[in-house]
Amino acid sequence: MDAAFLIAAGLTLAAAVAAMSLRNLIHCALCLVVTFFGVAALFLLLGAEFVSFAQVMVYVGAIAILIVFATLLTRSAGVTGEPLAFQPWLVGLGIAGLVVGAIVTSVAGSGLLPTESSRIVAAAPSTRELGEQLMSTYVLPLEVVGLLLTAALIGAAVLGLREPKPSTPPPKP
Amino acid sequence: MSPLERYLIVAALLFGIGLAGALTRRNAILVLAGIELMLTAANLNFIAFWRYGGHPADSGTGIVFVLFSIAVAAAETAVGLALIVTIYRHRHSTKLDEFDELKG
């Protein structure tokens, strides 16, 4: 176990717990930023540099900022005295714990995963090769994703439009 | 424990934290954040399997898959937050348990 992995994984998990449990929504958004940086560090450790920087650009630069904007627009920043969770919150926690337990036991107990000795290290493609693959092999998925992003952009803009005020009520007699 | 298993277990824990947040928190924005955490955990699994899965022939497949997954996550967040802001304009609340009727 190398130290870099332990630090990145510990930081990611601790920040994720904080992001899901803090009371102030702005603090939650900032902890979410730390979580996404930790995951980007894990991507770097795995040798996927381009994905790591894309993660920082998209998740930290766009999604976390969007969450902060939504928090401010809906006036949910600040500390509230109301309960944070649904009342039988132990049920949700128990379900999540069951899912994690099932995944971890199956990962640790399965003999199907490739082990260290048998692994063949894939050569990480450079950004240039990645771009060439995106423009040749994966050009159709790329166009579909472009269409999806355009549709999402238009949809979000239409949803965010302020509805026109209803016409002035008829004058009272 | 092999390196692949370490990353898979970290991703499973991240998924569980996101799932717990999405299931228990009352605020709609944090439920969306929990869903983002779950998507990120899936991306971590993709990259871990790409690195240690042992398929040298398709060297870029895992990375390209994650790039598309990140794009879909961004689109989902944009539309989801626009929906939350629109609901807030009507109901003046982001608490999920107060959205209990279909009439606007």
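Chain B and chain A of this predicted model bury about 6900 Å² between them, and 78% of that area lies on carbon and sulfur atoms. Buried area is the accessible area (1.4 Å probe) that two parts lose on being put together, summed over both. Within the share of chain B, B:Arg25, B:Arg51 and B:Phe68 supply 9% of the area buried against chain A, more than any other three residues. The contact (heavy atoms within 4.5 Å) takes 80 residues from chain A and 71 residues from chain B.

Residues are numbered from 1 along each chain as its sequence is written, while chains are lettered from A and ligands numbered from 1 in the order in which they are written. Local features need pLDDT of at least 70, side-chain atom pairs count only at pLDDT 80 or more, totals for chains, interfaces and linings use all residues, and side-chain values use heavy atoms, with hydrogens and water left out.

Two helix pairs across the interface are described here. Helices are DSSP runs (H or I, at least four residues), numbered from the N terminus. Axes are lines fitted to C-alpha atoms over the stretch in contact, and angles run from 0 to 180 degrees between N-to-C directions.

In one pair, helix α3 (residues 49–73) of chain A packs against helix α2 (residues 28–52) of chain B at about 175 degrees. Their axes are 11 Å apart. The two helices are therefore roughly antiparallel, a term for angles over 145 degrees. From α3(A), A:Val51, A:Gln55, A:Tyr59, A:Ile63, A:Ile67, A:Ala70 and A:Thr71 take part. They meet B:Ile29, B:Ala33, B:Glu36, B:Leu39, B:Thr40, B:Asn43 and B:Ile47 of α2(B). By class, this contact has nine nonpolar, four polar and one charged residues. Ala, Val, Leu, Ile, Met, Phe, Trp, Tyr, Cys and Pro count as nonpolar, Asp, Glu, Lys and Arg as charged, and the others, Gly among them, as polar.

In another pair, helix α2 (residues 25–45) of chain A and helix α1 (residues 3–24) of chain B pack at about 165 degrees, with axes 13 Å apart. That makes α2(A) roughly antiparallel to α1(B). A:Thr35, A:Val39, A:Leu42 and A:Leu45 contact B:Tyr7, B:Val10 and B:Leu14.

The structure holds three salt bridges over all chains. A salt bridge is a side-chain nitrogen of Lys or Arg within 4 Å of a carboxyl oxygen of Asp or Glu. Between chain B and chain A the count is one. A:Asp2 pairs with B:Arg6, the closest N and O atoms being 3.4 Å apart.

Key. Angles under 35 degrees count as roughly parallel, over 145 as roughly antiparallel, 65 to 115 as roughly perpendicular and the rest as oblique.
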